[in-house]
Amino acid sequence: MLVQVALPVPLYRVFDYRLPADMSALPSASIPKIGTRVEVSFGRQTLIGIVIAHISETDSSVPLNKLKPINKCLDADPILDDSMLKLAYWLARYYHYPLGDVLAVILPSLVRQGKPLDLLITHWRILPHVTDDDFRANAKKQKQQFDMLKLHGERGASEDILLLEGMQREFLKTLEDKGLIERYIESKQAPSPVKLAKMPLDLNAEQQRAVDAIIAAHEAKRYTGILLNGITGSGKTEVYLQAMQAVLEAGKQVLILVPEIGLTPQTRARFASRFAAHIVLLHSGMNNTHRLQGWQDCRTGHAQIIIGTRSALLYPFANLGLIVVDEAHDGSYKQQDTLRYHAADVALYRGFQHNIPVVLGTATPSLEHLKLVDEGKLVEYQLLTRPGNANPATMQLIDARLQSTHQQTTDDGARYDTGLTDALIGAIRQTLEAGDQVLIFLNRRGYAPVLLCKACGWQADCPRCDAHLTVHYNNQAQHSHSYLKCHHCDWQAYIPAVCPDCGSQNLDAKGMGTTRLSENLHAIFANPQTSKDLYPIIQIDRDTTRLKNSWENIYQRINEGKPAILVGTQMVAKGHHFPNVTLVCLPNADRGFLSADFRSPEHTAQLMVQVAGRAGRGDKAGRVLIQTLQPDNELLLKLVKDGYLSFARELLQERKMMGLPPYSYAALIRCEGKTMAATTQALKDAIDILPTAHNLAVLGPIDAPMSKKNSRYHAQLLLLAKDRQQLHRVLNQWWQLATALPNAKYLKLTLDIDPIGW
């Protein structure tokens, strides 16, 4: 008897090993079960692999005397069941990725390293006798930290989870010393049945239909893909919560996917306020120990509600009953390296695997999902009204051609352009004076996107990428600690005092990022006598939220409800609830409609509608002002006048006429190397060995949109097919041959199935 092992190596095959002569290396001296980890020798390395099959000695293509023995088996029982192995096989087959590498993506790093599955983790919980009266009036910080732990109920939570949510170790120790909380090592027992902690809200007729459909599919144990197409603020989360109740009460697990890590704390708080349940968070911000604990909780059934980003979908579940993909249109669900899967597609496959409903919730469905509705592969339920019949925010265009942008004067008398029209500034001022908040969306972080010399035209470019360096200022008041940074490879440099080409001191930061916009707003809305801000200006982007707890602190400031100006990138567009924002401004709405990427209008419209949806989510009406230099743009007018669905349907018809996805199926081959000539030639060589009767449209090789990145050159090749199966038949024959070409071993070739960007 031999065992076949999948190893984490970039080879499209598995490897045969014989049993050791000394069977004592194996648990119970038995043959390693399928789905267990084994330690084996591979060349000069020692690797951890997964047993995927047992075969007889005659079935091996390698002579018995050349086979190596297994070093040891690490598990007595399988850590991957049959459904997880089938998932791995499907991922390897559909995305044309080595099975061993697929399993390496699925497994947490500590599992891949051969660590034991059960680790001792410190948990904290509130002692039974403790009440809010045990705190002095001035112990506000301690009370705040105590309330965070209180959200987790009588079982408490692991220290890792609490630290991720913003608790601090010193406060845990202080509260412990005061006899208010205790630490313990959790002994794994069956979780208590889920209970309602708060009564559900009343549903309108549209919401009720959606809830009934999800529950009916769950009770029938029937796979159903559901597109929950609801305008922003229409109560999609309440639909999730009430559909989940039936699933949880039946003892099943529920998985909720969110597109960004920043959404997990507020999502957890929302679900914890409704259900007394064991809730597990899963995302890349966790340490390895916490990931392993979450993986184990999902696998053993201790996790009842699982909230995570796209990688959570690849976890094993003991009793999965429902999958919800929130903001299902979002590009963050597409993995852009290693195994390039799309979480929404994999969610539908897992739902089919387990015979459970899968809900794709969004206010701006992707064209792919609308086509699946047309084909009957998804069932659509629309939510077109907001609870209480609150009206969606109204959209209005501001023609920037008819209004000059606002000019501001510096202390030395110089004038500069703020990038905002007087009409936009007037609306912002009016909203703030009414006691409400304003959100200004600008999807470009930093101070300015480019530094140039007015004398000779020199531009500050990244020496390692085909991109401009972004101007950053750390101190807005004095512009001290200024630097240039590439947002693609993170290369940094000081801003030169003079032009490197001509020596001129006339260097100018052109364009506007969130930092410069915030600075301009400081100048516009400062008190003339004191130069202090009349209203807080809160900048929300990757630069201001990179530190631990920074996003939570910002979120808390916003939810205080005081008049404020929020300046943010696309981080603010994804599912956040800002009840006091009544005005949303988009000062640069034209960029996305001018891109060469055929998907750009769709993605731009989705982003605009999602940002617009942050307005008017409370009791007050909201409005959206879109500042544009192209008020006659047909696509923009269609979006503003007729709404996203009508806009998307028109785009869908255009795609059909042009034979573009989703009416064709794409595979994008990228090649990366030290020279552009080598990468282009490798793709040409790959084209030469394509099957003669491939029936594919071959576009390329051409330079990638960013041809040079991090000192490496990138070219690409696009294959388009009218039939999905035909595309995969060709790839099955061709892809492994292409990667084995002589030139390919000095280059990096990658394959992206169903790419979202070309």
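How many disulfides does a search of the whole structure find? The search finds zero. A disulfide is a covalent bond between the sulfur atoms of two cysteines; here the term is applied to a pair of cysteine sulfur atoms within 2.5 Å.

## Basis of the report

This is a predicted model, in which local features need pLDDT of at least 70 and side-chain atom pairs count only at pLDDT 80 or more, while totals for chains, interfaces and linings use all residues. Residues are numbered from 1 along each chain as its sequence is written, and side-chain values use heavy atoms, with hydrogens and water left out.

C486 takes part in no disulfide, and the nearest cysteine sulfur, that of C462, is 3.7 Å away. C486 has a relative accessible area of 0% and is therefore buried. In this report, buried means under 20% relative accessible area, exposed means over 50%, and partly exposed is in between (1.4 Å probe, protein chains only).

C298 is located in helix α10, which covers residues 288-300. Helices (H or I, at least four residues) and strands (E, at least two) are DSSP runs, numbered from the N terminus. C298 counts as buried because its relative accessibility is 0%. Apart from neighbours within four places in sequence, C298 is in contact (heavy atoms within 4.5 Å) with Q253, L282, A303, I306, Y315, P316, F317 and A318.

## Helices α7 and α8

Helix α7 (residues 205-219) packs with helix α8 (residues 236-249) at an angle of about 30°, and their axes are 9 Å apart. Axes are lines fitted to C-alpha atoms, for helices over the stretch in contact, and angles run from 0 to 180 degrees between N-to-C directions. The angle makes α7 roughly parallel to α8. Angles under 35 degrees count as roughly parallel, over 145 as roughly antiparallel, 65 to 115 as roughly perpendicular, and the rest as oblique.

On the α7 side, the contact is made by Q207, A210, V211, I214, I215 and H218; on the α8 side, by E238, V239, Q242, A243, A246 and V247. By class, the contact has eight nonpolar, three polar and one charged residues. Ala, Val, Leu, Ile, Met, Phe, Trp, Tyr, Cys and Pro count as nonpolar, Asp, Glu, Lys and Arg as charged, and the others, Gly among them, as polar.

## Helices α16 and α18

Helix α16 (residues 600-612) and helix α18 (residues 644-658) cross at roughly 170°, and their axes come within 11 Å. The two helices, α16 and α18, are therefore roughly antiparallel to each other.

Here P601, E602, A605, Q606 and V609 of α16 meet Y644, F647, L651 and R655 of α18. The residues of this contact divide into six nonpolar, one polar and two charged.

## Features of the backbone

Where are cis peptide bonds found? One runs from P661 to P662, with omega near 15°, and P662 is placed in the loop between α18 and β31 (665-673). Another joins G700 and P701, with omega about 5°; P701 lies in strand β32, residues 697-709.

H96 is not a glycine, but its phi is positive, near 55°. H96 is placed in the loop between α1 (82-95) and α2 (99-106), and is buried, with a relative accessible area of 6%. D754, also not a glycine, has a positive phi of about 55°. D754 lies in the segment after β34 (748-753) and counts as partly exposed, because its relative accessibility is 22%.
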